[in-house]
Amino acid sequence: MSVSIKSAREIELMRAAGKILAKVHETLGKELKAGMSTWEVDKTGDEIIRSFGCIPSFKNYNGYPASVCVSVNDEVVHGIPTKKRIIRPGDIVSLDIGVIYKGYHSDAARTHGIEEVSPEAALLMERTRQSFFEGIQYAKEGRHLHDISNAIATYAESFGYGVVRDLVGHGIGTRLHEDPQIPNYRQRSRGIRLRAGMTLAIEPMINAGRYDVEWLNDNWTVMTEDGSLSAHYENTVLITSGEPEILTLTADER
């Protein structure tokens, strides 16, 4: 495993990529509404990304056909936008987006409730987000990678949720997916020791039911096996000598 340590110049570029992605999420989140097709969401997201002079990280990545992964209700991640899929009141919609700025990637996901959602859905979204923050308490130089994993899992599982095991977070930089892989579920090993200058995409994917998932025939869309709701929350995080720096927080999250 080779985990890159970013230079001061690279960190500044990663910060810039993160700030732009936060603005993309802010703008697209405000546009999201019932009646839109997921294709419209992707088209709008692509336009916003390019308006900042950036390239969408996901477009044609390993053959993925869109710029925004749009996953609805029991879709965990990698939902492929289509004109046939219409967003409805009460849905929860996960938007996973990456941008490339001057050769550097940032990656972040948010799950949105459309109009009034069920209490179950609202709690799942809130607790998925909080599981991220439980994890990054340990995203500090000198701690071990799996301290993050175990904290996410401990919090999410305390509510009886299933923590997805088939997909994990990852390092990020000049490539969208770099070492190390970052599980969200409990680990027996401690994992690598964290060092200042590492940049990590930490992304809990939490199911209201069991953790089991299945892939659709499109080879991208991941669904909960039991049909339960799923939520996704992700940020690009910089390890420092002190507290972790979240590079993709939106204005209302700061």
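**View 1. The lining of the largest pocket holds 10 nonpolar, seven polar and five charged residues.** This is a predicted model; local features need pLDDT of at least 70, side-chain atom pairs count only at 80 or more, and totals for chains, interfaces and linings use all residues. Residues are numbered from 1 along each chain, and side-chain values use heavy atoms, without hydrogens or water. Ala, Val, Leu, Ile, Met, Phe, Trp, Tyr, Cys and Pro count as nonpolar; Asp, Glu, Lys and Arg are charged; the others, Gly among them, are polar. The volume of the largest pocket is about 400 Å³. Among its 22 lining residues, His78, Val168, His170, His177 and Glu203 are closest to the centre. A pocket is an open set of points on a 1 Å grid where a 1.4 Å probe fits, with protein on both sides within 12 Å along at least five of seven lines; lining residues have an atom within 4 Å of a point.

**View 2. Strands β7 and β8 form a hairpin.** Six residues lie between them. β7 (169-171) and β8 (178-182) pair in the antiparallel sense over three bridges. His170 stands opposite Gln181 in β8. Each strand supplies at least two residues to the lining of the largest pocket.

**View 3. The second largest pocket has a volume of about 330 Å³.** Its lining has 17 residues; Arg110, Thr111, His112, Thr250 and Glu253 lie nearest the centre. α1 gives the most, with four residues.

Definitions and conventions
Two strands pair if DSSP finds at least two bridges between them. Grid points are joined across faces, edges and corners, and a volume is the space filled by probe spheres set on the points.
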